Amino acid sequence: MSENERAVTQPATAPVRVAFTKTGALSFISHLDLMRTVTRMLIRADIGIYYTEGFNPHPKLVFALPLSVGVESTYELFDVKVMGESADYALIAERLRRESPDDIKIIDAYAPERKFRDIAYSDYDIVIRGTGCCDDPVGAVEKMMAGPIVEMKRTKSGETECDIRPFIKSLVCEGGRDELRIKTRLDAASESYLNPEYVVKAVTNATGITLDNIAPGGDVYGITRTGIFDIDGNVFR
Amino acid sequence: MDHRKYASILKSVSKPARYTGGERNQVVKDKSRIKCRFAFCFPDTYEIGMSNLGVRILYGALNELDDVWCERVYTPWTDMQERMREYDIPLWAHESGDPIREFDIVAFTLQYEMCYTNVLAMLDLAGIPMLANERGEDDPIVIGGGPCAYNAEPVADFFDIFSIGEGEEALPELARLYVKMNESGEYTREKFLYAAATELEGFYVPSLYRVEYGADGVISTFEPVDENVPRRVKKRIVEDFDNAYFPTSPVMPYTEVVHDRIMLEVFRGCIRGCRFCQAGMIYRPVRDRSVETLCRQAAEMYKNTGYDEISLTSLAIDDYTCVDSLTDELIKWTNDNKISLSLPSLRADSFTRELMAKISGVRSSGLTFAPEAGTQRLRDAINKNVREEDILNAVHIAFEAGKSQVKLYFMIGLPTETDEDVVGIAKLAERVIEEYYKTEGRNKRRPPQVTISTACFIPKPFTPFQWFPQITMEEFERRQQLIADNIHDRKIKYNFHDSKVSFVEAVLARGDRRLSRVLLEMHKRGASFDAWDEYFSMETWDESFRAAGIDPDFYARRERDYGEILPWDVIDIGVTKKFFMREMEMAERSEPSKNCRESCSGCGAFVYGGDTLCRKMRER
């Protein structure tokens, strides 16, 4: 097949990037569940989604950074293609807002500026309310940040010890024994992505906090992703 | 469940999305304007409950009423049950998160007998007294419905009311009665139950019947307490099925459930009358929905859901008189929108190339047929009017279309079954493989695979086989082995159901009120999820039978006399005992009967109207 013929058989499509939030009860659904939920939202929105060809046609849907179950986010991204030479981004955003579930808020829809592989960092807010915290948790966390932080990390070949410190770009901790509030920027490039759950583990180890009392009103921690950035620290679009 | 208050608990259990709710299209109402709060409980997991079309319909129908709010409730998985007991969290309703013991009516749909232990677990987790006669004025009214309610005697002690038959008109009537009696101030638990039994149709109140047993253990008396209470409770049906309520904005789960697609209910009932099949009898007479109505419902549901699959549900889809025009109309727009059509209940004798082409438009999967028995002789005896040529023709069409996998469902232990019939199952599978190699244009890249599954026959109430004993577990196992020994081809895979589960199911299916004691014993031993292999324990059932002083063989393996008072005689489904006796005798002669379109067999269901010959019968 010549290049010209290929150009004829491939329909014209326009790329769309959607920024959205995933909070509340929806933080408990898995990445696969989110894909299904978004696919149905796209179909209801009736915006001329491009489907893959072949045995099992489905909308071509790519998420920037999958979230772990239980983690909320105020800044998520997915890419999708719509049929046609160009896309009406304002209309797409409006239609998606109408069809999104309660705990998904559409922030914006626009033409992608960079490829997802250029993602470098992700920001998180972490709140920890546990038992048995040392007297100076903020100091303990500062001390933790000074040296290597060795955690058991799950890899393809089982669990191995790993220093996660190089993957923590920055970390600010405030609060006290009852509640620790952490703002952190973690590596989010595909080969060095650090799951924020490891930071929770490291902080609880450093401060002596335990999270074993799961009774309502007992120990609890929450993680919210608040941003995605490129290597220069610009908001990723 | 409030995900903020219970975040730590949700993080500690498997699949927390089962409990968090907030799904699209769920119904939330202003509590201050509600006069009847209705908890609709499905006694199994969220994933299974959310897949049930009946629940979708009744949830929608009840929420059509402005002053009634129906919410959903499922059985929490065992890890969540432990947390709830440890931290005193009462069973909550999905939409509001409120404890269901504060509700007015708590309804359970009883889809299969093995969920009974979950009913008790849920009542207990809710803090509602399990025994109906221990409930007070402040406790909810506990009602049951669904297919098992046609013989709900084994759980009669736990329920205040059973709704018999189709609920989309009956349940709103019951809620109305509740609101009316509360507003007029005449409501007491006792008066409400009496009014439900005597003023409404289709409600069976077990406490209004006196049951006695003879020395032989068989029921000697089954009488209403007074002459106002009906001797037999007539099932309810929706007569005008085409105009009946149908929800086109179903609640959409976020997390993966078993059936997550557009379900169109094409018709209700079945013209066939297979003699082992309870559904084919209790849902009589057949009522069709028009092509126009179905297409309108499909289009609305697609707009409201964004599902990419439409399933045409009914007991045997190709018996729908307009199956061709319906599928023609649907594929006009489904293919372009990448929506696949699935027809889950195909009969081999009416499977055509045209139908095959329509279902393989988008995302087609394997094919399943249910010959039920291995020989023509036995298929005639059970009135499964499918011939071997039909099955081979159907798989031929499937192989021609590029399929290489076929599933075949059978039952073993059917009345009159011989070893020849059992071996016939393996032989039929071999012939299907042979057919593959005879098919021109087959998919040569993939070798064929035939999966045969055998269920253990369970005699059910309201079937011609209701008097028949179940064979022993050892005999089931011998017949399973006989099939396995006669499979000589690695391309044939053989699965079979556990005969122990089938035995317990057989006990409960035709049980009487004395079995409530067994279920209490099961509950004491912490039972739940007995429908799940990982939690079913024959030892616990044996212990419970012994502790309750119940001989399970009396229920599962005893042949009943035609004259015996059966626990379910109190229910009137229209179809008569005389018809069942005639059919049982024909089965013994291996003689099939005609289907409802060919000619009327005089089953008795014509009193309800319906779309086949019934209407003419009734007019006469």
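This is a predicted model: local features need pLDDT of at least 70, side-chain atom pairs count only at pLDDT 80 or more; totals for chains, interfaces and linings use all residues.

User: In the open sheet of six strands in chain B, which strands stand at the edges?

Analyst: The strand order is β2-β1-β3-β4-β5-β6 in chain B, with mixed pairing. The two strands at the edges have a single partner strand each, so one side of each is left without a neighbour in the sheet. These edge strands are β2 (68–74) and β6 (203–204) of chain B.

User: Which residue of β2(B) stands opposite Arg37(B)?

Analyst: Strand β1 of chain B spans residues 36–42 and is joined to β2(B) by seven bridges, the two running parallel. Within β2(B), the residue opposite Arg37(B) is Trp69(B).

User: In the open sheet of four strands in chain B, what is the pairing, and what is the average twist from one strand to the next?

Analyst: The strands follow the order β15-β16-β17-β18 in chain B, and their pairing is parallel. At the edges, β15 (367–372) and β18 (492–496) of chain B each pair on one side only. From one strand to the next, the twist averages 20 degrees.

User: What angle does the direction of helix α14 of chain B make with that of β15(B)?

Analyst: Helix α14 (residues 388–400) of chain B packs on this sheet, where it touches β15 and β16 of chain B. The angle between the direction of α14 and that of β15(B) is about 175 degrees.

User: How many bridges pair β16 with β17 in chain B?

Analyst: Strand β16 covers residues 405–412 and β17 covers residues 449–456 of chain B. Gln405(B) stands opposite Gln449(B) in β17(B). The two strands pair in the parallel sense, and the number of bridges is eight.

Key:
Residues are numbered from 1 along each chain as its sequence is written. Chains are lettered from A and ligands numbered from 1 in the order in which they are written. Two strands pair if DSSP finds at least two bridges between them. Axes are lines fitted to C-alpha atoms, for helices over the stretch in contact, and angles run from 0 to 180 degrees between N-to-C directions. Two residues are in contact if their C-beta atoms, placed from the backbone, lie within 7 Å.
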